[in-house]
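Below are my notes on the model, as numbered points. Please read them with the structure open.

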Amino acid sequence: MPAKLQASSGPASPLQIQYQLNMPGRGEIFPALVGAQAAAADYWPLATLSIANTATKPVLQIITAEVRGWSGELRETAVIGPHEVRTFNLDPELLARAYDNGEMRAATLVVEVEDPATGHTFAQQRPVFLHSASDLYWGRKFANAQLLARWVTPHDDRVLQLVSSAERLVPGGRMRGYNVVPGVKLEDQVRAQAQAVFQAMRRSGISYVTSIYTFGNYPGETQRIRLPRETLELSNANCIDVSVAFASAMENLGMKPVIVIVPGHAFTGVRLGPNSQDILYLDLTVLPRGTFAAATARAQAWLRKVPQSEVLTVDIGAARSLGVYPMPVPGGKQPFTAAGL
């Protein structure tokens, strides 16, 4: 009897614990989606780990996961009950260098599970692929469009330089955002500031290029989008690149930009007041030779010809309220927080 009691009080046999590691997204990592505070509507955990305990007693499991060289170590301790199966999402937090990466990189996910009672360890390594931080996985039917707000980086040094250049072009030499100037209609003030930023971008010589091809298993739902600093340094951009650059300048001034996506195209806009439903729309693909009037006319032309059901508006302010903050960029100022909006 004592012998039986002693045997039953021992740890569960490692043979009674089963592990299954899966890669829902075929091992592809999009840093812009991993690092967002708000979860993407159509995305996947990097890996899932199922632990099945077929024993009649609970087991303690210490789970660790790491993308070698690109993430910190995720560590989780869990108790798996008798005859219980639990599944864990494994999403190690990426290191800052993942946001400096400009190309598709092969890497290795290392997963280990230790049973401290027996010393048994389950360990597996899987190949993964780290996308450039500039790659956005739109998801099916643009489900992740709100994540575009991560590319709007108002505190980047190059955006600050753009705003500084625009200040020299606005009447009075000051960009006041939505702070009302006595005797001036707020709508006119917003238009003057938008026009000054447009003129500063025009003077920089930004020209149009087509979208950049993205590698991986999801080319139909993925697009390479330049961060504003890259657009402003290289002086070329596609429709969405130039839109996020303009939106970054508007947000830097405390205004509320939007980015509009229609089939095969994108343009931008800014609300004419902090709570206004009226939006000044601009299609910046008229750059570098087109005028401010041409930019507004081209945007309105898109809105007239595209059915409303096919117009998708990403409201940057609304995205911020959901926790979609700018991506970290080299040389940027203080990152956004909920208190800093």
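1. In strand β13, P257, I259 and I261 point one way while V258, V260 and V262 point the other, and all are buried; buried means under 20% relative accessible area, exposed over 50% and partly exposed in between, with a 1.4 Å probe and protein chains only. Strands are DSSP runs of E with at least two residues and helices are runs of H or I with at least four, numbered from the N terminus.

2. This is a predicted model, in which local features need pLDDT of at least 70, side-chain atom pairs count only at pLDDT 80 or more, and totals for chains, interfaces and linings use all residues. Residues are numbered from 1 along each chain as its sequence is written, and side-chain values use heavy atoms, with hydrogens and water left out.

3. What does β13 pair with? Its antiparallel partners are β14 (residues 265-271), over 6 bridges, and β16 (residues 312-315), over 4 bridges; two strands pair if DSSP finds at least two bridges between them. P257 stands opposite V270 in β14, and V258 has D315 of β16 as its bridge partner. The β13-β14 hairpin leaves 2 residues between the strands, and G264 in the turn has a positive phi of about 80°.

4. The open sheet has 4 strands in the order β15-β14-β13-β16, with antiparallel pairing. Its edge strands, β15 (279-282) and β16, each pair on one side only. Neighbouring strands are turned by 25° against each other on average, direction ignored. Between β14 and β15 there are 4 bridges, and R271 is the bridge partner of I279 in β15.

5. Helix α6 packs on this sheet and touches β13, β14 and β15, its direction making about 10° with that of β14. Helix α7 (residues 292-305) also touches β13, β14 and β15, but its direction makes about 100° with that of β15. Axes are lines fitted to C-alpha atoms, for helices over the stretch in contact, and angles run from 0 to 180 degrees between N-to-C directions. Contact means heavy atoms within 4.5 Å.

6. Helix α6 (residues 239-252) also packs with α3 (residues 157-167), at an angle of about 75° and with the axes 9 Å apart. The two are therefore roughly perpendicular, a label for angles of 65 to 115 degrees. V159, L160, L162 and V163 of α3 meet A245, S248, A249 and N252 of α6.

7. For the whole chain, there are 8 helices and 16 strands. Buried residues make up 50% of the 341 residues.

Terms used:
Parallel < 35°, antiparallel > 145°, perpendicular 65-115°, else oblique.
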